[in-house]
Amino acid sequence: MKFECPCGYIYDPELGDPDGGIAPGTKWEDIPEDWVCPVCGLGKDAFVEA
């Protein structure tokens, strides 16, 4: 399942966010609560299922 930020960035668990310290294959629920969108800086609570 993918998650989308209001800015349009989509978190894809298969890709992760290597620049943000999130390894490929990391499930959404396993991402730390203090992680933020790499594009706009919003927190996980701003994301919705895509």
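Select lysine 44 and tryptophan 28 to begin. The charged end of lysine 44 sits over the ring of tryptophan 28, at 5.1 Å from the ring centre; a charge sits over a ring if NZ of Lys or CZ of Arg is within 6 Å of the ring centre and within 35 degrees of the ring normal. This is a predicted model, in which local features need pLDDT of at least 70 and side-chain atom pairs count only at pLDDT 80 or more, while totals for chains, interfaces and linings use all residues. Residues are numbered from 1 along each chain as its sequence is written, and side-chain values use heavy atoms, with hydrogens and water left out.

**Around tryptophan 28**

Is tryptophan 28 buried or exposed? Its relative accessible area is 11%, so tryptophan 28 is buried. Buried means under 20% relative accessible area, exposed means over 50%, and partly exposed is in between (1.4 Å probe, protein chains only). Lysine 44 also counts as buried, at 9% relative accessibility.

Now show what touches tryptophan 28. Apart from its neighbours within four places in sequence, tryptophan 28 is in contact with Phe3, Tyr11, Trp35, Lys44 and Phe47, where contact means heavy atoms within 4.5 Å.

**The aromatic rings**

A pair of aromatic rings is described by the distance of the centres and the angle of the planes. Rings of Phe, Tyr and Trp (its six-membered ring) pair if their centres lie within 6.5 Å; planes under 30 degrees apart count as stacked, over 60 as edge-to-face and the rest as tilted. By this rule the structure has 7 aromatic pairs. Select tryptophan 28 and tryptophan 35: their ring centres are 5.9 Å apart and their planes stand at 85 degrees, so this pair is edge-to-face.

Tryptophan 35 and phenylalanine 47 are both buried.

Next, select Phe3, Tyr9, Tyr11, Trp28, Trp35 and Phe47 together; they form one aromatic cluster.

**The nonpolar core**

Which residues make up the largest nonpolar core? It has 10 residues: Phe3, Cys5, Tyr9, Tyr11, Ile22, Trp28, Ile31, Trp35, Cys37 and Phe47. A nonpolar core is a set of buried Ala, Val, Leu, Ile, Met, Phe, Trp, Tyr and Cys residues joined through side-chain atoms within 4.5 Å. In soluble globular proteins, nonpolar side chains tend to be buried together.

Aspartate 17 lies in the loop between E2 and E3 and is buried, with a relative accessible area of 8%. Leaving aside neighbours within four places in sequence, its contacts are Tyr9, Tyr11, Ile22, Trp35 and Pro38. Aspartate 17 and proline 38 are 21 residues apart in sequence, and their C-alpha atoms are 8.0 Å apart.

**The salt bridges**

Side chains of opposite charge can pair when their charged atoms come close. A salt bridge is a side-chain nitrogen of Lys or Arg within 4 Å of a carboxyl oxygen of Asp or Glu. How many are there in the whole structure? A search finds 2 salt bridges.

Glutamate 33 is exposed, with a relative accessible area of 64%.

For the other bridge, select aspartate 12 and lysine 2, whose closest N and O atoms are 3.7 Å apart. Aspartate 12 is in the loop between E2 and E3 and lysine 2 is in the segment before E1, 10 residues apart. Aspartate 12 is buried at 15% relative accessible area, whereas lysine 2 is partly exposed at 40%.

**The sheet**

Finish with the strands, in cartoon view. Helices (H or I, at least four residues) and strands (E, at least two) are DSSP runs, numbered from the N terminus. Two strands pair if DSSP finds at least two bridges between them. Here 3 strands form an open, antiparallel sheet in the order E2-E1-E3. Strands E2 (10–11) and E3 are at the edges with a single partner strand each, so one side of each has no neighbour in the sheet.

Select glutamate 4, which stands opposite isoleucine 10 in E2. Last, select valine 48 in strand E3 (residues 48–49). The C-alpha atoms of valine 48 and glutamate 4 are separated by 5.3 Å, although the two are 44 residues apart along the chain.
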